[in-house]
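Dear colleague,

I am passing on a structure for you to look through, and below it I have set out what was found. Please keep it open beside you as you read.

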Amino acid sequence: MERVNAWKTYDENELKQVMALGESYKAYLGAGKTERECVKEAVKLAKKHGFKDMAARIASGKALKAGEKLYYTHMDKCIMLFIVGSEKLEKGLNIIGAHIDSPRLDVKQNPLYETESLVYMDTHYYGGIKSFQWLTLPLAIHGVVVKKDGSVIELNVGEDEKDPVFCISDILPHLGQDQMKKSAAEFIDGEQLDLIIGSCPLKDEDKDAVKANVLALLKERYGFEEEDFLSAELEIVPAGKPRDLGFDRSMVLGYGHDDRICAWAQLEAMFEIDQVPQKTVACILTDKEEIGSVGATGMRARYFENAIAELMELAGEGGDLKLRRALASSSMLSCDVSAGFDPAFAGAFEKKNAAFLGKGVCFNKFTGSRGKSGSNDANAEFMAKCRAIMDDNGVKFQTAELGKVNQGGGGTIAYICALYGMNVIDSGVAVLSMHAPWEIISKADLYESVKAYKAFALNA
Ligand code: MN
Ligand code: MN
């Protein structure tokens, strides 16, 4: 049952491809630090690869033809890509789905305050984070400010080398005696995660002169006022680009591998498909997975089902029963990252059933916690089919659980799509330091996951 280390199997040509994919992925990851930015980049790439806007197609009502490539965005935070197959949609689709939201600090609606001549931006963390990991790092602010007239101001400060960055301070070790006695969970309270954004006062102002100065700068440079924070979505993320990790450049250290690595691998797989598939292929990049797939842009919202209904209408297969049949007959890879075995924390894993960096794309028959609670437990028959597809297409894969029984757990979007009665299994890339500001992946696993998603899209 020992799985092969993918690196050992590559010849010179394949090694070149692995490294080239790594470069393309880093470009995407560096440009997409919020779900909105990930959608924007995905649209750019999709257009470049011949995908057309499905919204325009719905407006025109022109009938669908096999081989057509479409993209469809939802609230600028989700995107779906479709390649129309030769078979009827009613027979089911092959679906690959990932999420493009990542753990971060969101800016509060009333965020600014001044104390002792320092101005802070108050945050509310998003997703599962270890608060202490966010201290003393250079941080960037990304997002949108929407004014009352509906105009949207896009903010991206801290990524350009000439940009300023922002930071959350920590107490020096010399004075950290009280802090060091606390457990890691209490080490820093969520309410303490406030960003330092200024210290220079306006000269002719007495009260909150530093804040007044920052507000004047925001007005002058970006054209918005304090009230406009009420309708803003600003996300605090680690500043800087993803980097190669290791002398051998075999890994990538980056923010947001969970789950943009699977999202990008899915996109790449879609772009590499150059034939008319038998079944229609769908690629979903969704939002809000990290907080339970809730809200209008989370997987629990019915935007994907609605998109399939639109697609079937255009294909002359409209109607509720046909839609239900299409969804129930579909097969899906829920593509999300898996906890990579970390020798430094070996005790949290059960080695026979752990995902290792470099051993290829990882299948999780089930996730969940304790007694598989909250899990999508894929059917053995479906797992067998996936194994066969991987082997037939020379994809290196491994299987894993998320750590030891009773050590914790987690979930993905798999169980939500399974509600339609379709076959779904979790499959993704092993990550070290998952949910930390900087996470680690192996380029070999990225390469194998692109191969896996393409093979699944064409053969499931
Ligand atoms: Mn994830
Ligand atoms: Mn996650």
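The protein chain is split into domain 1 (6-102 + 255-459) and domain 2 (104-238), with bounds that come from an automatic or database domain assignment. This is a predicted model, in which local features need pLDDT of at least 70 and side-chain atom pairs count only at pLDDT 80 or more, while totals for chains, interfaces and linings use all residues. Residues are numbered from 1 along each chain as its sequence is written, and side-chain values use heavy atoms, with hydrogens and water left out.

Taken over C-alpha atoms, the centres of domain 1 and domain 2 are 33 Å apart, and the contact (heavy atoms within 4.5 Å) takes 19 residues from domain 1 and 17 residues from domain 2. Between the two domains there are five salt bridges, a salt bridge being a side-chain nitrogen of Lys or Arg within 4 Å of a carboxyl oxygen of Asp or Glu. Glu233 forms a salt bridge with Arg36, and their closest N and O atoms are 2.7 Å apart.

**Backbone details**

Finally, the peptide bond from Asp258 to Asp259 is cis, with omega near 10°.

How values were computed:
Chains are lettered from A and ligands numbered from 1 in the order in which they are written.
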